[in-house]
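Subject: Handing over the two-chain model

Dear colleague,

Here is the structure I promised to pass on to you, and below it I have set out what was found in it. Please read the notes with the model open beside them.

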Amino acid sequence: MNENHTLEHLMKKADVRSYDCYQCGKCSGGCPMAEGMDLGPRGIMRSAQIGALDSILNSSTIWLCSGCYACVDRCPHDVNVPAFIEEARYEAMRRGIVRRDSEVLNRTFLANIRAFGRSHEMLLAAFYNIFALKPTQDLTSLPHMISKKLIPIKPDPIRGVGDVQAIIARAERLDKLVKEVRE
Amino acid sequence: MSKVGVFVCHCGTNIAAAVDVVRACEAAKSMPGVVHAAEYKYMCSEPGQQMILDAIKEYGLKRIVIASCSPRMHETTFRKMLKKSGVNEYLIEIANIREQVAWVHDDKEKATEKAIDLIRMAVAKVCRDEPLKSQMIPITKRALVIGGGIAGIQAALDIADAGHEVTLVEREPSIGGRMVMLDKTFPTLDCSACISTPKMVDVSAHPNIRLLAYSEVAKVEGYIGNFTVTIRQKARYVNHDICTGCGACSEKCPAKVPSAFNKGLSKRPAIYTLFPQAVPAKPVIDKDSCIKLKSGKCGVCEKICPLGCINYEDEDMEFTEDFGAIVTATGYQTADWAQMYDEYGAGRFPDVIDGLTFERLVNASGPTEGHIVRPSDGTEPKTISIIKCVGSRDPKKGRAYCSRACCMYAAKHARQIFGKIEGVRVFIFYIDVRTPGKGYEEFYDKTREDGAIYVRGRVSRIYKEGDTLICQAEDSLLGKQVRVKSDLVILETAMEPAEGSASVAGMLGAAVDGDGWLTEAHPKLRPVETQVGGVFLAGVCQGPKDIPDTVSQASAAAAKVIGLLNKNEMESSPMIASVEADKCSGCSACEAICPYKAITMGEQPGREAGGNSKKVMRPIAVVNAGLCQGCGACTVACRTGAIDLLGYRNRQILEEVDALWV
């Protein structure tokens, strides 16, 4: 394997040392996303300690991390877990390990932005539920959200949707270029 | 040329396996000044030493080189041997061919060459060695103990029992320290006050102990055996010679301030004793809260005192005393968690308290008479969470170390809670449970049996929901987040050096480590001594420890003090700095660099610089033989080369270096 894609290299890039972590769990204890995660930030560090890169790259944790940095703020050893998670995401993408629902969300989200210049939550949820094959997910909260006006029904596109589309197109061109250069 | 004898040791096979000892010995024979060389299996053994003594007689040897192990190992052995032979014991050099040759090299040929070089250097130096004589310094047979906690109390009692006079200085109005604040002690759950107050009374009644409470050490001068210490007796405003401690003044005093002893859970008057069993049991006036001293109005205590003890004109008083030895027992304080832990509420929630506050809460002589209640509303908590390692094991908050006592302290708190509240639930959040002590693991077992629920995970945050506090953490053994609704949260906070311990260390010249703990001379083999001769350590000032360890260490420090004070005088090392008066320019660079405060500026007659050459007194560096440790820093700082280290004069060292290039 290319040495640029080893666990050690990813940790070095994130400036994270697995031996700094003594598994106290203060990170996972306060993580706002912990309930949906499989490993949680402490589990990510534990996997790193035993060299289990595969389980990190295949975990839901790396995709659910919101990057709020509460874990880093509270960590007694200042271990920057989100920075490492960020590197793990790149590596997972490179290896083509992308969870179907994350992929669907990303695509739906981008299509949404292309169309309106900003995210329309109702359509985002609807398309996500359809393509992720989870048609009933969160359906019960819909009436409440609509009646309290927490979610708009009508899309509200921004002015200059074309500009946003141009930005996305440019980013995609750059991304393609980078990929070609790397290969 | 001097008659030098060289003796090369095999050290069994330790040296002989890596160095050709016989060849090295032969080579030594042709070195300048050498009249005799021999090798032997164990030079340090009885027959080995006899062999050297015989050779000294037979060949009339005047100087000796021994090629063997490190001088740290056997230099003293051979010096003692030389003393018997009549040769000055400082006319000896050790060539270290074990640690610096045999143990670090594989190539026998090259190792032998290096050994020969080292021997040649030692021979060159020994020819330049001069006979030195150690001085005898007298010893003042009195000891000073700084700090009146359990460590200071124990050390003072042990030294006094051995027949030496002790002065015990305590800055609070009473001795007792942290231990008397505790309710019970692990692992036996005996009452802390019941076992410590008899010792406090012993201190006040002991004929050999002079107790100076409400006093501080202001200045320390001198050296081992001969310290002169300035002690400041803080103004008490109460004449303790006639006060009987009746307590009438405290009862009537109208001023009320939060009691630090009760961790702010209750108030105390301005004229107060720390606690009912205080020693001395006589009050002092806290000048910062006394209405009379602040505004001139009041004077109630003066009117009420039947014996006329009150004196508002009292002032701080300083006096000096001489001591031969000093024991530092300045102890600890608990870390101010509210300054560090925003995620635990930073002190905004009154029902999040630290362990020492809980001790006052659960103590029968405390503000609630031992009823565990929530400080916020006075109700009895039904669920209590205990959080360990608050401030400890947390490098980001500045303390990487483990405070050692908190694991047991937390278990003890759980047991105390179970004993007082029917049907209570106790959760203990931990990272590791550390119980390395006699009966400690069994205590932990019993705590779980009693019903304490241990949750492995550091609490990430505490927040409030209505009236209850939520401790949010990960149960890391399950890998799941947990939220524990708690009525009361106890934080087992870190120990840190007591405020002012750094300044005491500074006065003594003793070193402190990065966390502020006083540093022992050797972590294993000299645990109660400091690098400063005559200054010893007892208790937590050296590092976190529990009561059993503190008392053991205090007795150990006392044993060292007794050993020192039992001598009438002691030998000082002659290998110290020496000033050549004519060369000294009086610049005082050496005074500034000396880490032991051993150099002062004296005066000697001389002539003024410039044309008129008037006779004047000019400054000159003077070395105190008792304080100088022979480190040599001054010899480097001296710009005129006036200071030399006896035994390591510059020309001796240079001779040694030159010998390498012949």
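What distance separates the centres of domain 1 of chain A and domain 2 of chain A, taken over C-alpha atoms? The answer is 27 Å, with domain 1 covering 3–94 and domain 2 covering 100–182, bounds that come from an automatic or database domain assignment.

Before going further, please note that this is a predicted model, in which local features need pLDDT of at least 70 and side-chain atom pairs count only at pLDDT 80 or more, while totals for chains, interfaces and linings use all residues. Residues are numbered from 1 along each chain as its sequence is written, and chains are lettered from A and ligands numbered from 1 in the order in which they are written.

Chain A has 11 helices and 0 strands, where helices are DSSP runs of H or I with at least four residues and strands are runs of E with at least two, numbered from the N terminus. Its C-alpha atoms fill a box of roughly 50 × 45 × 30 Å along the principal axes, and 27% of its 183 residues are buried, that is, have 20 or more other C-beta atoms (placed from the backbone) within 10 Å of their own.

The contact between the chains takes 18 residues from chain A and 17 residues from chain B, two residues being in contact if their C-beta atoms, placed from the backbone, lie within 7 Å. On the side of chain B that touches chain A, strand β25 (residues 468–475) gives the most, with 3 residues.

Chain B also holds an open sheet of 3 strands in the order β11-β12-β17, with antiparallel pairing; strands count as paired if DSSP finds at least two bridges between them. β11 (215–223) and β17 (317–323) of chain B stand at the edges with a single partner strand each, so one side of each is left without a neighbour in the sheet. Between β11(B) and β12 (residues 226–233) of chain B there are 8 bridges, and B:Gly222 has B:Phe227 in β12(B) as its bridge partner.

Finally, the largest nonpolar core has 131 residues, of which B:Ala155, B:Ala156 and B:Val327 touch the most other members; such a core is a set of buried Ala, Val, Leu, Ile, Met, Phe, Trp, Tyr and Cys residues joined through C-beta atoms within 7 Å. A second, separate core of 48 residues includes B:Ala18, B:Val19, B:Ile66 and B:Ala102.

With best wishes

Notes: Buried ≥ 20, exposed ≤ 12 C-beta atoms within 10 Å, placed from the backbone.
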